[in-house]
Amino acid sequence: MSSLRIVSYAINGRGMGHLVRQLAILRWVRRITTLLSVRTEIWVLTSSEADTLARREGFPAFKLPSKAMLRDAGIEPHRYLALARGWVLNAVAGLSPDLLLVDTFPGGSFGELVSVLELAKHRVLVARRVRQQFADEDPYQALLPLYERQIVPDEGGGGPILLREREELLPRDDARRQLGVTTDARTVYLTLGGGGDDAAASVLPRLTERLRTAGMHVVVGAGPLYQGPELRGDGVVWMDRYCPMELFPAFDAAVSAGGYNSFHELMFAGVPTVFMPQPRIADDQRERVHAAQKAGAGRVAERMDDIVTLLAAPGSADAARRLVPHNGAKLAALQALTDMLPAADLALADQLLGPELIGLFAGSSLKDREQGFELLRLLLGRTPSERAKHAALWLQWQEQGSPASDTAPERSEFARLLDLFRNKRVPMETAVALVNSLRRKFPAAGSGALSEALEVLLPCWGRFEDWGGVITLMRAVPTQRSLSIVEFAKRIAEWLAEEEDLFDALRDFTRVEGSGVHTVDEVLRLLLQLRRERPAGAEAHEAS
């Protein structure tokens, strides 16, 4: 399959868990399909009031008001249900997805998905664990057979579905710098999840003041749904947006509700936490947080007055990481794509997209990360057999090598080239354009030769600090069938070594291109000849 259209449906009222899980899976779907040269169109349909999270991760989202929002606005439930069911039906019918990815509730929160499931070619349910009495209800059980595949977080060795990998977490000092934490004081993260609970408006300011008075530096993750008063000032960083998981290494401890996402993110990042379990219809927070206390990874506060005391010994960071050792987002994405892409291709992507690769892009912007995976695809090869060969070398590197070793040359080539692009301050989008151009101009070049050529060209081009000009130059190069890409790189470097300005070089190149010669070999020979024959002082004469 050369293209896929995916629709993700994530309900949420005053929380963010459904949406965050879906986005975590979609990030991996995008990486996998990029690597496999499958064009993917991804849409998010959500009733979460935190829909801007989808934009933050680079996915377009259609927003339906949540039931909680409609209650707040005083709109009659029957009016909302009729409009919402029609909206969902029309949206899914218009998008006509190859895959409909649904979180937790197979029929939606009010039966809105029952009439749309047949509109998708494939249907996958992320069957997060719910209270047993809820799971046993007839409406829940009756809809499960309509999904050809169910992804169960925490089963099959995958772990919970989280938005970031460990390799994407920032070093402690970098995370604290981004949060504006400039003190050495003990730093505590305070959150009640998305911030939409009615109690959040009173609890967060009160707890913030207590922790600050106790001498702690407090980072408040109020959440995008929070609407209460904000407490700012010395010793407090108040975040009125989502606190990204990559910043969690900044914290010495946390105070948090026991929601699925908050719990697993904090434990995965190794943040010992004092938990305040909240009552939920389908989610048993109390059972979850007591498991952390039993494992020595956290404490459970039965009263708000106990929190400061419990923070004196909240648990062990190592115990927290042992409690949640894995992120299941990649496995979930591979399972979601199982019925649409060949098993061998998915196995290849699984091998290539390992922790070492993810670590190469730690701290990069969203755009640079995604462009980086596109760059990897171009460097690895265009055919399944070529990619499979490189995958075997990468696997060998993971088993025998280390990030500092030179075993598995193909893996180290990519890391080395990435460093070259970064050292020359080449925007990742420009890097992709340059490699794409080289691929088109030299269709017979293998990945090894492409890498060798880039190692010659990047220092040569970088001297001019004019990447727009470099792209223009490459567009003017004719497609080559005889001259090798490595020889081309050497000839280009020889020609440009004597040039001081890329604009002048481009002007000469354009003149020669119109002289009747047809190959790069001929063009470069003529350019070098013209330079040798150029009379001394010719530039001064032209200027006069």
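What percentage of the 544 residues of the protein chain count as buried? I looked this up first, and 53% do. I took buried as under 20% relative accessible area, exposed as over 50%, and partly exposed as in between, with a 1.4 Å probe and protein chains only.

**Ground rules.** I am working on a predicted model, where local features need pLDDT of at least 70, side-chain atom pairs count only at pLDDT 80 or more, and totals for chains, interfaces and linings use all residues. Residues are numbered from 1 along each chain as its sequence is written, and side-chain values use heavy atoms, with hydrogens and water left out.

**Whole chain.** I counted 25 helices and 12 strands in the protein chain. These are DSSP runs numbered from the N terminus: helices are H or I with at least four residues, strands are E with at least two. The chain exposes about 23800 Å², and carbon and sulfur atoms supply 50% of that. The area method is Shrake-Rupley with a 1.4 Å probe; for residues, only the protein chains shown count as cover. I then checked contacts (heavy atoms within 4.5 Å). Among those between residues at least 6 apart in sequence, 71% join residues at least 24 apart.

**Isoleucine 485.** I found this residue in helix α22, residues 485-496. Isoleucine 485 counts as buried because its relative accessible area is 4%. Leaving aside neighbours within four places in sequence, its contacts are Leu438, Phe442, Ala445, Ala449, Leu450 and Ala453. I also took the C-alpha distance to leucine 438: 8.1 Å in space, for 47 residues in sequence.

**Threonine 430.** Helix α19, residues 428-441, holds this one. Its relative accessibility is 14%, so threonine 430 counts as buried. Beyond neighbours within four places in sequence, threonine 430 is in contact with Trp467 and Ile471.

**Salt bridges.** I searched the whole structure and got 26. The criterion is a side-chain nitrogen of Lys or Arg within 4 Å of a carboxyl oxygen of Asp or Glu. Side chains of opposite charge can pair when their charged atoms come close.

I looked at three pairs.

- Glutamate 57 bridges to arginine 56, with the closest N and O atoms 3.0 Å apart. Glutamate 57 is buried at 1% relative accessibility, whereas arginine 56 is partly exposed at 29%.
- Arginine 232 and glutamate 230 meet at 2.5 Å, N to O. Arginine 232 is partly exposed at 45%, and glutamate 230 is partly exposed at 40%.
- Arginine 286 and glutamate 302 meet at 3.2 Å, N to O. This pair links distant parts of the chain, 16 residues apart: arginine 286 sits in helix α10 (285-295), glutamate 302 in the loop between β12 (298-300) and α11 (307-310). Arginine 286 is partly exposed at 38%.

Which residues do salt bridges with shared partners join into one network? I noted Arg27, Arg31, Arg56, Glu57, Arg164, Glu168, Glu246 and Arg369.

**Surface charge.** I found a patch of negative charge on the surface, made of Asp466, Glu494, Glu498, Glu500 and Asp501. Patches take residues with over 30% relative accessible area and no salt bridge; like charges are joined within 9 Å, nonpolar side chains (Val, Leu, Ile, Met, Phe, Trp, Tyr) within 5 Å. Lys and Arg count as positive, Asp and Glu as negative; His and the chain ends are not counted. Each charge is placed at NZ of Lys, CZ of Arg, CG of Asp or CD of Glu. I located aspartate 466 in the loop between α20 (447-462) and α21 (467-476). Aspartate 466 is partly exposed, with a relative accessible area of 30%.
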